[in-house]
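Please examine the sequence and structure shown below. The briefing that follows treats one chain as a whole and then one residue of another chain.

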Amino acid sequence: MRKGDIGPFMDSNDTTYKGNHPTNTNGGQLSMGQLNPGGASGCQQILETVRQLSGRAATDGEGGHQVEGAKLGIWNT
Amino acid sequence: MATSSKTLRGKTAIVGYGETPHVRNWPGRTDYGLCAEAGAMAIQDAGIEPTDIDCLVTLGAGQQPPGPLAHYMGLTNVKWALGSTMAGSSAGAAFAAAGSLLASGLVKYVLGTFGGARDTGILGEGQRMEARTVAADSPGTEFGRGPYGVTVAANDGYGHMYTRHMHEFGTTREQLAKIAVNQRFNTLNVPRSFFASHGPITVDDVLGARYTNYPITLLQSVMPVAGAISWVMTRADLAKSHPHPPVYVLGVGVREHSPQPDMQQTRWVEPGVKYTSRLAYEMAGYGPNDMDFANFYD
């Protein structure tokens with residue numbers, strides 16, 4: 001993917017947790033809300049990554065939000 | 001001393017976590033109280049005792065100072081009470097610092113706990129005024145966004161980057177609206193999520209919401225909430241003796257970048273993750289195409 005290509009990327013990819021490019025699989029801060037922007041704000045990305053890689057996103061809430069077969073993931077804050 | 005890019009690879013793991021619901025405000029609660037609550041959840045989730053925690057990492061002095069918080073939580077065996085103060089990157093920096101202390105053998109169990117209560121009763125008008133003043137005086141405002149009419153507002157500066165991206169690359173508002181639509185879908189089953197109960201949204205919903213900072217609308221803006229999140233990290237050799245599957249840390253990268261996006265001496269915003277992801281991938285021995293998912297700071 002080249003710099004600036006986010007537009008076409010969003011047209012041709014699915015970034016939901018069920019899609020081909022799962023991104024912000026718990027909804028990110030846009031959905032969770034932003035915790036204390038002094039720095040707690042980065043925590044939900046970490047925790048969601050742990051939930052996915054331990055398989056515990058499958059039982060988190062009714063129906064879960066597990067990325068199938070997730071073995072490797074990345075987060076940033 | 002020579003350092004290896006594989007320094008922390010596989011040396012540590014997360015073995016437990018705790019998270020409160022995320023709510024708009026939490027009147028009557030304190031930062032300490034919420035951090036302690038999430039911390040207690042994480043300790044229980046890891047199947048350990050409070051006395052096992054020998055390092056506590058928090059947002060540090062001025063936010064949630066780790067020494068007093070350790071005392072408040074009754075963590076009597078804390079050797080290292082560590083504050084992480086890299087603004088929005090604090091959580092990641094804390095994570096990397098915890099890994100370094102564990103890998104060096106100085107500590108065995110690190111509890112990280114972070115949050116905030118947003119108690120509007122405690123945060124009085126005077127403090128809100130002060131917060132506005134501090135924000136208005138923050139570095140970058142005067143020589144960066146200031147001349148373009150932006151001072152202190154939701155998403156200040158990001159609207160400019162957004163329109164620049166649209167101009168330079170032909171990116172459309174519809175294309176970027178899909179990010180918010182897909183993230184809302186992802187959150188619908190997440191119990192602690194603020195917007196889970198608000199149902200799905202469409203591209204038209206996003207574009208039709210009021211602007212917070214043109215062309216960014218309300219549904220593309222993060223909303224401050226109250227709550228707290230904690231995790232327990234330990235050494236890989238201790239990681240398997242806990243109730244839940246450990247999640248191993250293969251790579252980390254930290255870099256102080258710039259206090260404000262417009263303080264970067266580049267025409268384009270280059271977020272710090274451009275650099276830190278390279279460090280993390282190099283340490284892990286994997287690349288972007290190996291990742292099954294990504295959770296970015298949004």
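In what follows, Lys and Arg count as positive and Asp and Glu as negative, while His and the chain ends are not counted; the place of a charge is taken as NZ of Lys, CZ of Arg, CG of Asp or CD of Glu. The model is predicted: local features need pLDDT of at least 70, side-chain atom pairs count only at pLDDT 80 or more, and totals for chains, interfaces and linings use all residues. Residues are numbered from 1 along each chain as its sequence is written, chains are lettered from A and ligands numbered from 1 in the order in which they are written, and side-chain values use heavy atoms, with hydrogens and water left out.

**Charge and surface of chain A**
- Chain A carries 6 positive and 7 negative side chains, and the centres of these two sets are 8 Å apart.
- Of the 77 residues in chain A, 64% are buried (under 20% relative accessible area, 1.4 Å probe, protein chains only).

**Fold of chain A**
- Chain A contains three helices and one strand, in the order α-α-α-β from the N terminus (DSSP runs: helices are H or I with at least four residues, strands E with at least two).
- Along the principal axes, the C-alpha atoms of chain A fill a box of roughly 35 × 30 × 20 Å.

**Residue B:A36**
- B:A36 belongs to helix 1 (residues 31–45) of chain B.
- B:A36 has a relative accessible area of 15% and is therefore buried.
- Beyond its neighbours within four places in sequence, B:A36 is in contact (heavy atoms within 4.5 Å) with B:Y72 and B:M73.
- The C-alpha atoms of B:A36 and B:T113 are 7.6 Å apart, although 77 residues separate them along the chain.

Note on methods. Buried means under 20% relative accessible area, exposed over 50%, partly exposed in between (1.4 Å probe, protein chains only).
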